[in-house]
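Work through the following exercises with the sequence and model at hand. Each task is followed by its solution.

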Amino acid sequence: MTTADTSPAPDASPALDTPPAPPAPPAPAGWRPALAPAVSLRHDRVRDADLLVLPERVVVLRGSAARILRLCDGARDLDAIVAELTSRFPGAPVAEDVPAFLGRMRTEGWVR
């Protein structure tokens, strides 16, 4: 995805096909999220769905979840990810939703 992306704005709440979890603890200062070593992000062309592939498990991503996770490269900190998404999708509630979503991913152990 580039800054010239013409995809629709992300959903107000990135989501997974899993039950809601309790709120995640706040991210540490300067956190640079990255997928955990055993986790990969894939696009299933047959289902036209983004997936998180884990050992013995596959999680179907919905909404803007994959867009967010693609930015989790370990080089950008949380503030840079939020800034990038805010510039791509003005008006979306990025500053509130993205940290909460990534905190949940961190609690699950899918992002470190």
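**Exercise 1.** How many salt bridges does the count come to, if a salt bridge is a side-chain nitrogen of Lys or Arg within 4 Å of a carboxyl oxygen of Asp or Glu?

Solution. The count comes to four salt bridges. The model is predicted, so local features need pLDDT of at least 70 and side-chain atom pairs pLDDT 80 or more, while totals for chains, interfaces and linings use all residues. Residues are numbered from 1 along each chain as its sequence is written, and side-chain values use heavy atoms, leaving out hydrogens and water.

**Exercise 2.** Describe the pair formed by aspartate 50 and arginine 70.

Solution. Step one: the closest N and O atoms of this salt bridge are 2.9 Å apart. Step two: aspartate 50 lies in strand E3 (residues 49–54) and arginine 70 in helix H1 (residues 65–70), so the pair ties together parts 20 residues apart in sequence; helices (H or I, at least four residues) and strands (E, at least two) are DSSP runs, numbered from the N terminus. Step three: aspartate 50 is buried at 18% relative accessible area, whereas arginine 70 is partly exposed at 42%. Buried means under 20%, exposed over 50%, and partly exposed in between (1.4 Å probe, protein chains only).

**Exercise 3.** Locate the salt bridge between arginine 88 and glutamate 84, and state whether its residues are buried or exposed.

Solution. Step one: the N to O distance is 2.8 Å. Step two: arginine 88 and glutamate 84 are four residues apart in helix H2 (residues 78–88), so about one helical turn separates them. Step three: arginine 88 and glutamate 84 are both buried.
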